[in-house]
Amino acid sequence: MQGKCPEDGWDESTIELFLHELAIMDSNNFLGNCGVGEREGRVASGLVARRHYRLIHGIGRSGDISAVQPKAAGSSLLNKLTNSVVLDIIKQAGVRTVTNCFVVPMATGMSLTLCFLTLRHKRPKAKYIIWPRIDQKSCFKSMITAGFEPVVIENVLEGDELRTDIEAVEAKIKTLGAENILCVHSTTSCFAPRVPDRLEELAIICANYDIPHIVNNAYGVQSSKCMHLIQQGARVGRIDAFVQSLDKNFMVPVGGAIIAGFSESFIQEISKMYPGRASASPSLDVLITLLSLGASGYKQLLKERKEMFSYLSSELKKLADIHNERLLDTPHNPISLAMSLKNLDENNDAAVTQLGSMLFTRQVSGARVVPRGSVQTVNNYTFKGFMSHTNDYPCAYLNAASAIGIKKQDVDIFLKRLDKCLKASRKGKEKSVNEICTSNTGTEQLEDQKIQT
């Protein structure tokens, strides 16, 4: 192994042998080891020890998450290999010129906070972060938690799509003064009808005004379009770091993210900003996953996801036409789709929200039903039209996404259940939520099983 993801995946026994070989390099697994310190890798439960393959010490040292720990050579090697393999996958996914990355045992929001805190030392006068609006709480809270004041840039409506207001971004920079702005905080992956930010234009503005640029690429690794935007932004302008979730892109448990960038020294600065040692679990999970899949296996998942996006799009459009609704035209969003709910919205204010409940109780997870006029306060900031990424989107709508790992049966069952819910809503004959909880039985359940098989 040369720090790259193997082209073909390894079998489980090979991966386990590899991990056991790493584990015996850690001092807590030495025969005859005598530990007299406060942190010696002792584990009371055999089940816990086995779950972690006896890699107990975690990664890093107290002052640097990327530093080698002498008494945990195996865990340190695991960390370096994971970062190297992940870097290789990011390059293969489309960001060819990325130079450095590391896995951090925090989800995307806290990882963005770590980036902002690192920039604080470079720009001590700065207090503002320019943020094209996206209605997702964790990326907004990441700026608040870091102690900065978000400057919300409202999106502009172009057709059905909500796009970055580039002129408003530049005008705000001139008003506030570049030296008072910590960074521009942009987004790639997002819920339709919002589409990825205009990264190239933002990157050029950041380069012209010498302002850092941090990209929230939460679930963008699985999209060639999102990765292309990052690559192009770095080519024509400035992108300092981009952050992506492990669970959303690599199908591992929640709890980790990847911070990557084009300046090796800056990414190292971010890693050194992390206080203390860190859990090795996220690194272990993603390394096992990528060794199992291999580069070819991961690329196949990306290919299947893209095919399922086309299938979901065409089938959702057909269903929308049947119900006199419309699949919103959002060609710049490569992962998420939106279908209008104008008929429900016009006939009954509560019907849109009720549709969401109906889908949830029918075990449809991940679909978002977005009513008009919702108001939400997040950390003393009030957002009108919250969840729709704008103050007043023209209609209520429903979101569905084609994310990595989705199968045709997921799409088919979703469309079948959505069709039933829309018919029930339109007729006004829906049962109470308590009754719905037990309604997906008998004939309906058998029909779903036929789709699955």
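Student: Is the crossing where α3 passes α11 left-handed or right-handed?
Tutor: Left-handed. Keep in mind that this is a predicted model.

Student: What are the angle and the axis distance for α3 and α11?
Tutor: The angle is about 35°, and the axes are 10 Å apart. Helix α3 covers residues 73–93, and helix α11 covers residues 281–322.

Student: Which residues of α3 and α11 meet?
Tutor: From α3, L78, N79, T82, V85, V86, I89 and Q92. From α11, they meet S283, L284, V286, L287, L290, A295, Y298 and K299. By class, that contact has ten nonpolar, four polar and one charged residues.

Student: New topic. Which residues does UniProt list for "binding site"?
Tutor: R235, R362 and K427, from an unreviewed entry. They spread over 193 residues of sequence, and in space up to 54.0 Å between C-alpha atoms.

Student: Where is R362, in a helix or a loop?
Tutor: A loop, between α13 (351–361) and β11 (368–370).

Student: Why does R362 count as buried?
Tutor: Because its relative accessibility is 9%, and buried means under 20%.

Student: And K427, buried or exposed?
Tutor: Exposed, with a relative accessible area of 56%. K427 is in helix α14, residues 408–427.

Student: Last one: V375. Which strand does V375 lie in?
Tutor: Strand β12, residues 375–378. V375 is exposed, at 55% relative accessible area.

Student: What is V375 in contact with, beyond its neighbours within four places in sequence?
Tutor: T382, F383 and K384. L119 is 32 Å from V375, C-alpha to C-alpha, and 256 residues apart in sequence.

Key:
Residues are numbered from 1 along each chain as its sequence is written. This is a predicted model: local features need pLDDT of at least 70, side-chain atom pairs count only at pLDDT 80 or more; totals for chains, interfaces and linings use all residues. Side-chain values use heavy atoms; hydrogens and water are left out. Axes are lines fitted to C-alpha atoms, for helices over the stretch in contact, and angles run from 0 to 180 degrees between N-to-C directions. Helices (H or I, at least four residues) and strands (E, at least two) are DSSP runs, numbered from the N terminus. A crossing is left-handed if the near helix is turned anticlockwise from the far one by less than a right angle, and right-handed if clockwise. Contact means heavy atoms within 4.5 Å. Ala, Val, Leu, Ile, Met, Phe, Trp, Tyr, Cys and Pro count as nonpolar, Asp, Glu, Lys and Arg as charged, and the others, Gly among them, as polar. Buried means under 20% relative accessible area, exposed over 50%, partly exposed in between (1.4 Å probe, protein chains only). UniProt positions are given in the numbering used here, feature names are shortened, and annotations may be inferred rather than shown by experiment.
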